[in-house]
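Dear colleague,

Please find the structure below. My notes on it follow.

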Amino acid sequence: MIAIILAFLKIGFLGFGGGYAMLSLIYQEAEQFGMTVPQFADLNALDGLIPGPIAINSATYVGQLYGGLSTALAATLAVSVPSLIIVPLYLHFEKKLNANRLFNSIISGIKPASVGLILAVAVSLAGVIIFGGSDFKHWQFIGIDWTSILVMGLILFLDLRYQLNPIWLLLIAGVIGGVSYYL
Amino acid sequence: MTQHKNWLLFKVYLFAGTFTFSGGMAMLPVIERELCVKHQLIERQTLYEYTTLSQTFPGVIALTNACFIGKKINGTSGMLAAGFGAILPAFVLMSAATGLYQSLPQQGVILSILAAIRAASAAFLFSAAYSLARYNLRDVTTILLAVGCFLLTLFNLVSAPLLIIAAGVVGILTTLFKTGAKS
């Protein structure tokens, strides 16, 4: 539980630039909790179904899987700590310092970096899903899962081209998965 | 009166949190209508100013925003009321969803459905990387940052937290360089 709290404190303080930047940090920390690649993929799918900030959803999910409800609560509070510290601090010194410009310049570097970070997670996740294996760091070539390639391609196309709601996209994927079982 | 304000802040952010999917500030118009128009607790300009500001700080953006507005309207108790409202729906719903997910048997047709959903989940990450790239990769520096972070993470050469810190430093340096070049 302490390890999870510390991990989510770290994720909170380094989590500049929104949920997806944090998700790549969670992917890296996940191994340490004993989280598997499929469990990470399921977390991202649940994020599409459940309302709320990605970081809060993730903290709740990881906490609950590896320690139950109390750990889920602790992880959620841990990832909330930065906001609770920064807001009063900033408002207190608002007039005195130009923190605004400093943070703007930091974020101007981190935003493009997070593109690379999240793309690396996407490629690594896709690799495991298509070729098999369950290790985060090393792929294993077990076979090629054509159904997954088809689903990935179709969902990506529908998402980028028509901006369908994630709930519909997951439903479509689920139906394809269900049907493919009986083929 | 101040307790009434806390209750209102809690309700507004609870509602916004319940109907905002995949993070982001999609519920800002609702918050604006309730707090700026109906109850006139805060200026519209102030609301937008702090919403933009929230995005530049580390931590959960929606929560930081709730804390800023809560504290502006009703001090520390307002901050806690709004913040609690912002994270409560995500925590409760995600915790219930994770419980349901844990009870799913991972075999047969369900495993097949989950496999397709995991493939869709990878597609979501590609799509997120694409939209982040569209808005944030504008010049050589930002493209180099993204490509560098992608390769270094994919091949596990540098850890994500370290890359985020380095990217922040690059952001500061490029801003300094640009303002230096102008003057």
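How many residues apart are Lys38(B) and Glu34(B), and in which helix do both lie? They are 4 residues apart, about one turn of the helix, and both belong to helix α2 of chain B. Please keep in mind throughout that this is a predicted model.

Helix α2 of chain B

The side chains of Lys38(B) and Glu34(B) form a salt bridge, at 3.5 Å from N to O. Lys38(B) is exposed, at 59% relative accessibility, whereas Glu34(B) is buried, at 16%. A salt bridge also joins Glu32(B) to Arg44(B), with N and O 2.5 Å apart. That pair links distant parts of the chain: Glu32(B) sits in helix α2 of chain B and Arg44(B) in helix α3 of chain B, 12 residues apart. Glu32(B) is buried, with a relative accessible area of 13%, while Arg44(B) is partly exposed at 44%.

The helix spans residues 28-38, and its buried residues include Leu28(B), Val30(B), Ile31(B), Leu35(B) and Cys36(B) as well as the two glutamates, Glu32(B) and Glu34(B). The buried residues of α2(B) pack against α1 (2-18), α3 (44-54) and α4 (61-102) of chain B. After α2(B) comes Gln40(B), which has a positive phi near 50°.

The contact between the chains

Over all chains the structure holds 4 salt bridges. Between chain A and chain B the count is 1 salt bridge. This is Arg118(B) with Asp42(A), the closest N and O atoms being 2.7 Å apart. Arg118(B) is buried, with a relative accessible area of 9%, and Asp42(A) is buried as well, with 3%.

Chain A and chain B bury about 7900 Å² between them, and 77% of that is on carbon and sulfur atoms. Chain A gives 99 residues to the contact and chain B gives 82 residues. Across the interface there are 12 residue pairs in polar contact, both residues at pLDDT 80 or more. On the side of chain A that touches chain B, the elements that give two or more residues are α1 (2-14), α2 (19-33), α3 (37-49), α4 (54-67), α5 (69-93), α6 (99-131), α7 (146-162) and α8 (166-182) of chain A. Of these, α6(A) gives the most, with 28 residues. The residues on this side of chain A divide into 63 nonpolar, 28 polar and 8 charged.

α6(A) has 33 residues and reaches 47 Å from its first C-alpha to its last, close to the 48 Å expected at 1.5 Å a residue. It is mostly covered, with 24 of its 33 residues buried. Just after α6(A), Gly132(A) has a positive phi of about 100°.

Ser127(B) is found in helix α5 (residues 108-136) of chain B. Ser127(B) counts as buried because its relative accessible area is 8%, under the 20% cut-off. Leaving out residues up to four places away in sequence, Ser127(B) touches Leu156(A), Asp159(A) and Leu160(A).

Gly15(A) lies in the loop between α1 and α2 of chain A, and is buried with a relative accessible area of 0%. Apart from neighbours within four places in sequence, Gly15(A) is in contact with Met22(A) and Leu25(A), and with Phe57(B), Pro58(B) and Gly59(B). Gly15(A) and Leu25(A) are 10 residues apart in sequence, and their C-alpha atoms are 7.9 Å apart in space.

Regards

Methods
Residues numbered from 1 in each chain as written. Chains lettered and ligands numbered in written order. Predicted model: local features only at pLDDT ≥ 70, side-chain atom pairs only at ≥ 80, totals over all residues. Heavy atoms only, no water. Buried < 20%, exposed > 50% of the residue type's maximum accessible area, 1.4 Å probe, protein only. Contact = heavy atoms within 4.5 Å. Buried area = accessible area lost by both parts, 1.4 Å probe. Polar contact = N/O pair within 3.5 Å; in protein donor to acceptor, adjacent residues only side chain to side chain. Nonpolar A, V, L, I, M, F, W, Y, C, P; charged D, E, K, R; others polar. Expected span 1.5 Å × (residues − 1).
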